[in-house]
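Thanks for taking a look at this one with me.

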Amino acid sequence: MTSTFDKLYNYIVNKEHHKYRHRVDWALADEYSKKGLTPIERMSDRFRRICEEEKAVILEGEQIVFLRTVANLPDIFTQSEWEEIKGKHYIHELGYMSNLSPNYYDTISKGLLEKRKTADEYGKAAIDNIIMLSDKYFDEAKKQGREDLVEILTQVPRYPARNFREALQFFRILHYALWLEGNYHNTVGRFDKYIYPYLKADIEKGIHTEETALELICDFFLSFNKDSDLYVGVQQGDNGQSMMLGGIDENGNDVYNLLSELSLKASYNNKLIDPKINLRVSKATPAERYTEATNLTKAGLGFPQYSNDDIVIPALESLGYEYNDAVNYTVAACWEFIIPNVGADVANIGAMSYPKAVDAAFHNELIKSETFDGFFDCVKNEIFKESTEICNNIKNLWFIPSPFMNALMDCDIYNGGKYNNFGIHGTGIATAADTLAAIKKYVFEEKSIGKEELIKAVDENFENTPELLHKLRYEAPKVGNNDDFADGIAVELLDTFADSLKGKTNCRGGVYRAGTGSAMFYLRHAEEIGASADGRRKGEPFGTNFSVSLFANVKGPVSVIASMTKPHFEKAINGGPLTLEFDQSVFADEDGVKKVGLLVKNFIDRGGHQLQLNTVNLDTMLDAQKHPENHMHLVVRIWGWSAYFVELDKEFQDHVIARQAYKI
């Protein structure tokens, strides 16, 4: 890379650009309340004011511009107004639209003035305001003598992008504006599908070589990290800037192209957590592509995350998605499957806890159960009850209207989209399956542990039964060893969860999608119950997403993959990856990289639906907890996103440390 880019890179990474930020203390909520403005009027007015307040900052040498200078978005509702709204509606998370993938291609290829023709009055106002802000950058570029930017900003965002750089700059403006409006977890979508035509044309015209294109992509990727600390999430890093690469198109052709390759290289070169790379693959994917992608894993970025077209596309079709939409799927902030342009799915609206269902049956039904099958039926009943309760609680869903997002969608997003399905996570499946496997073996088959004895030991957190704890924790059957005794129970649990949502219609007329993800609930749901009969003690978390238990004594990654590819993922396709941690030593040479790549291929070829890998070093993480200043750029994968280890709360750090680090 050039010395100019290196200087810009260090400037951003060291957060020197934060000096341009300021906060506003506008009492907008009180003002809007007194004026009696509607929600959409409030959103429109705040966006105008923020665009007017933003200053045009062009950093030395940057090719892709736009930098947040206003560090906060004042509330538009008073506390009493929020209470009234929540009394009438179900409010998801912050109430703003999130986890959507708008039609970037259509806007970039037409220009905002063309989009303005079909926008409503508030969409028109939003477009006018973002053009006004772009003009500030035009004036600043002229002032600095940046003729390259003057030419670009003369064209975009008013008019269609004419080349690769203009397309990237146009995207940056759109993405920036969505955050500025108040939306969050704004995804990137199928980047190499809608941007590649611009790169291809420039290469053919001799405007770009692969080397100059890579430099531009590195600059573009750096722009995702300028303001990401301002984006909301459960933890820093959970900002939803997910980019999808590869996969097939509507005609079955492989989308993976030169832009896909250069995007992987740019991510490897930058070694930053944004954008978060996702890769669509299938049985037809060549082994070399897995090797190439595994270099990002080697770099410790926690991505790419892999999604299997062979499983996902037909599964989405079975839920009612039309083929041309299903084949165009991307991911939300983490891993939930969403449809660009027309989808309004709320893919993370709730979470069901398998261990909670098992715990309820364990305490209320085990004594009365004469057979394991009878007891398992009680667990299944609890899953149905929990799922029904979750669904019944979601009524009259409402989102704060988003005029600019609406202008970028191919649907009336205010009232939903072509698809309005709700996704429900499933937490702790391995903990539940391991618990049931232990009960089946020791209570019902061997009869070596009495029911009362086991319940008492669990309720006492195994304080008085250390030998029993050791037996259940380290000797009992566990998911992850390619043993159907435990694995088969996990398969049945997931089937039950999917069945518990089947036939239910949500308040927007959509269906419910069962998922294999957990989000942060691997911590939260674990706090809802005490110890469990798999040897998990009170307070210990579950494995993240669709993973084995933290303390499971498993043979290795090959057996884990064999176990975790047995379930019927076509029934539970909301998303949620198997997460594998690899010790850093695995990547000591190219042979190790190839072996990990082949493991990924094995997972996909066996019918796994989603996979993510983490590269960890236990000593480094422990030292980072003691001396964070020495490990500011240490990256780890949390659940569906990567973060800087030292920026995480300790409970999340501890969970990553507790996960098994495999070797090959």
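1. Setting aside neighbours within four places in sequence, Phe375 is in contact with Ala361, Phe362, Glu365, Leu366, Ser369, Leu436, Ile439 and Phe444; contact here means heavy atoms within 4.5 Å. Please keep in mind that this is a predicted model, in which local features need pLDDT of at least 70, side-chain atom pairs count only at pLDDT 80 or more, and totals for chains, interfaces and linings use all residues. Residues are numbered from 1 along each chain as its sequence is written, and side-chain values use heavy atoms, with hydrogens and water left out.

2. Along with Ile108, Phe164, Phe191, Phe404 and Leu493, Phe375 is listed among the residues with the most contacts inside the largest nonpolar core, which has 187 residues. Helix 9 gives the largest share of this core, 11 residues. A second, separate core has 25 residues, including Ala351, Val616, Trp641 and Phe652. A nonpolar core is a set of buried Ala, Val, Leu, Ile, Met, Phe, Trp, Tyr and Cys residues joined through side-chain atoms within 4.5 Å. Buried means under 20% relative accessible area, exposed means over 50%, and partly exposed lies in between (1.4 Å probe, protein chains only).

3. Now for the overall build. The protein has 28 helices and 14 strands; these are DSSP runs numbered from the N terminus, helices being H or I with at least four residues and strands E with at least two. The radius of gyration is 25 Å, close to the 26 Å that the globule rule gives for 664 residues, so the protein is as compact as a globular protein of that length. That radius is taken over C-alpha atoms, and the globule rule is 2.2 Å times the number of residues to the power 0.38. The C-alpha trace spans about 80 × 60 × 50 Å along its principal axes.

4. Of the 664 residues, 63% count as buried. Among contacts with a separation of 6 or more, 78% come from residues 24 or more positions apart.

5. Helix 8 makes a handy local example. In this helix, residues 147-155, the buried residues are Leu149, Val150, Ile152, Leu153 and Gln155. What covers them includes helix 7 (121-144) and helix 9 (164-181).

6. Which residues form a stacked pair, and where do they lie? The rings of Phe191 and Phe220 have their centres 5.5 Å apart and their planes at 10°, so the pair is stacked. Phe191 is in helix 10 (residues 191-194) and Phe220 in helix 12 (residues 210-223), so to speak a link between distant parts of the chain, 29 residues apart. Both Phe191 and Phe220 are buried. Rings of Phe, Tyr and Trp (its six-membered ring) pair if their centres lie within 6.5 Å; planes under 30 degrees apart count as stacked, over 60 as edge-to-face and the rest as tilted. By this rule the count comes to 26 aromatic pairs. Phe191 and Phe220 also sit in one aromatic cluster with Tyr104, Phe171, Tyr194, Phe221 and Phe224.

7. A tilted pair is formed by Phe372 and Phe376, at 5.6 Å centre to centre and 45° between the planes. These two are four residues apart in helix 18 (residues 372-392), which puts about one helical turn between them, and both are buried. A charge sits over a ring if NZ of Lys or CZ of Arg is within 6 Å of the ring centre and within 35 degrees of the ring normal. Likewise, the charged end of Lys440 sits over the ring of Phe485, 4.9 Å from its centre.

8. The structure holds 41 salt bridges, a salt bridge being a side-chain nitrogen of Lys or Arg within 4 Å of a carboxyl oxygen of Asp or Glu. In one of them, the side chains of Arg49 and Asp45 meet at 2.9 Å, N to O. Both lie in helix 3 (residues 39-53), four residues apart, about one turn of the helix, and both are buried. Arg49 and Asp45 are also part of a salt-bridge network with Glu31, Lys35, Arg48 and Glu52.

9. How far apart in sequence are the parts tied together by Lys298 and Glu590? Their side chains meet in a salt bridge of 3.9 Å, N to O. Lys298 lies in helix 14 (residues 287-298) and Glu590 in helix 26 (residues 590-605), so the pair ties together parts that are 292 residues apart. Lys298 counts as partly exposed at 29% relative accessibility, and Glu590 does too, at 43%.

10. Lastly, Asp654 forms a salt bridge with Lys650, with the closest N and O atoms 2.8 Å apart. The two are four residues apart in helix 28 (residues 650-658), about one helical turn. Asp654 is partly exposed, with a relative accessible area of 30%, whereas Lys650 is exposed at 52%.
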